[in-house]
Amino acid sequence: MAARQDLLKGNIDTLLLSLVNQQPMYGYQIMRELDGRSQGYFKFKEGTLYPALHRLEKAGLLQGDWQTIASGRQRRYYSITEKGRRILVQQTEQWQDFFAAMNLIFRPRRPETQVSK
Amino acid sequence: MIGKLNSYLSDIKQNLRLDPASEQEIISELETHAEDRLMEMQEAGLSEEEATAECLGLLGSAKLVARQIYEAHSQGTWRQALLAALPHFFFALLCALKWWNIGWLPVGLGVAIGIAVYGWCHGKPTWLFPWLGYSLLPVVITGLLLLYLPSGWAWVTILLYVPLVLLLLCYIAIRVINSDWLYSALMLLPIPSLVGWFVAAKMEDNFGGFSLKQFNEFAPWIGLSFLVLAITVAIFIRIRQRRLRFVILSVSSVLSLVIVVSAGTLGFPATLALFLLTFAFLLVPAFLDHWMRQGSHPATT
């Protein structure tokens with residue numbers, strides 16, 4: 001569980017950018033999407049989502065805007081910026097390379113005799 | 001049960017120490033999140049009490065959330081760091097190049113007052129506080145100079161002027177502490193060094209009259225102590241963690257005093273008094289902040 005938390009902590013920026021890249025979302029919606037799409041794999045204290053969102057906003061990767069919904073309540077929707085999109089592309093490529101390399105290691109090695117044939 | 005949620009949000013607000021507008025936005029955002037979560041849990045069949053307890057558990061420690069949000073917001077840009085360090089750089093140059101002899105001191109203090117008034121009226125940004133400290137210097141310097149009046153008049157200064165100055169300093173310090181006590185410590189940062197240099201210059205002159213001659217002898221050292229303060233302020237603006245900010249202020253204060261003491265004219269009692277004054281300027285804002293917050297929120301911890 002601790003290892004999973006460390007993995008999440010190290011990749012929370014990529015996860016948030018990736019989700020918000022698909023459509024502008026508010027905090028609670030992001031939390032639900034993260035939980036639902038990962039089938040409960042990514043669990044963390046909900047209050048710590050906002051520091052991460054605000055950090056990305058301060059860095060210019062996300063932009064937060066208040067919107068009034070039908071019930072009259074206000075929600076802060078986050079959308080990705082151009083800078084955020086560029087960073088996301090870089091991070092996604094890094095992840096894919098890492099994932100591919102890990103798969104190559106995990107895959108059982110074929111016997112050398114078969115390779116020589 | 002809503003009271004528990006309000007208490008939780010109030011606890012976060014108390015520990016945020018950001019500007020009021022940002023604090024309000026953050027609290028509104030967290031409140032909306034908690035309301036969404038409560039609604040969902042109650043629809044799933046939980047009682048209001050159970051839903052609130054579960055919701056607060058999922059949100060996590062109020063202090064941790066507040067600290068992490070503070071760290072997300074607190075880091076200033078390099079431009080802000082430079083702007084905040086500028087008055088200390090200017091005074092370092094003023095001393096190192098002995099510009100006070102050609103009248104740059106009143107110009108510098110005038111600019112400091114102007115910038116401090118502008119910053120005070122425009123949302124009290126972080127870069128304001130070093131400027132604010134310098135804008136108070138004419139008041140402090142006047143008090144120190146009044147001590148050099150002929151005997152008898154010095155007592156008038158001590159009995160009338162000093163309490164008035166202390167009152168003014170306390171008023172401004174309390175207004176600043178309401179934003180963040182660390183800013184108050186940042187604002188008061190150069191005062192112990194300045195007092196130290198005045199005392200050192202007076203001792204050098206064997207308690208005789210007062211002239212800029214003594215300051216000219218110490219000029220490079222005074223410049224160095226202000227340079228230390230300038231670097232400190234730039235680092236302070238760039239780092240996020242509150243504890244580190246306090247550590248950097250403490251280290252810098254001690255370093256500045258070591259520079260004053262190494263000039264060699266202060267005796268042990270004066271050195272001890274200066275160190276006590278330094279730590280009073282660092283810690284009193286923290287105690288006042290604690291006391292004021294306890295007074296305004298007796299129910300929360």
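The expected span of a helix is 1.5 Å times one less than its number of residues. Keep that rule at hand as we walk through chain B of this predicted model, because it will let you check one of the helices yourself.

Let's begin with the overall picture. Of the 301 residues in chain B, 34% are buried. Now think about contacts between residues at least 6 apart in sequence: in chain B, 69% of them join residues at least 24 apart.

How far can you trust the picture? The model scores ipTM 0.84 and pTM 0.80. Chain B has an average pLDDT of 85, and 92% of its residues score at least 70. Within chain B, confidence is highest in α4(B), with a mean of 93, and lowest in helix α8 (residues 137-146), with a mean of 76.

Next, look at how the chain is divided. The domain assignment gives domain 1 (2-72) and domain 2 (76-295) of chain B. Their C-alpha centres lie 40 Å apart. Where the two domains touch, five residues come from domain 1 and six residues from domain 2. The domain 1 side of this contact has three charged residues, one polar and one nonpolar.

Now turn to the place where chain B meets chain A. Here 16 residues of chain B and 15 residues of chain A take part. On the chain B side, the elements giving two or more residues are α2 (20-43), α3 (48-59) and α4 (62-74). The biggest share comes from α2(B), with seven residues. By class, the chain B side has six nonpolar, six polar and four charged residues.

Finally, here is the helix to check: α9 of chain B, residues 153-179. With 27 residues at 1.5 Å a residue, α9 should span 39 Å, and its end C-alpha atoms are 38 Å apart, so the two values agree. Even so, α9(B) has a bend of about 35 degrees at Y161(B), and a proline, P163(B), follows within four residues. Further along α9(B), look for A173(B), V176(B) and I177(B), which are buried. To see how such positions can relate, remember that an α-helix has 3.6 residues a turn, so residues three or four places apart point the same way.

How values were computed. Residues numbered from 1 in each chain as written. Chains lettered and ligands numbered in written order. Predicted model: local features only at pLDDT ≥ 70, side-chain atom pairs only at ≥ 80, totals over all residues. Buried ≥ 20, exposed ≤ 12 C-beta atoms within 10 Å, placed from the backbone. Contact = placed C-beta atoms within 7 Å. Nonpolar A, V, L, I, M, F, W, Y, C, P; charged D, E, K, R; others polar. Bend = angle between axes of the 7 residues up to and from the residue. pLDDT = per-residue confidence, 0-100. Domains from an automatic or database assignment.
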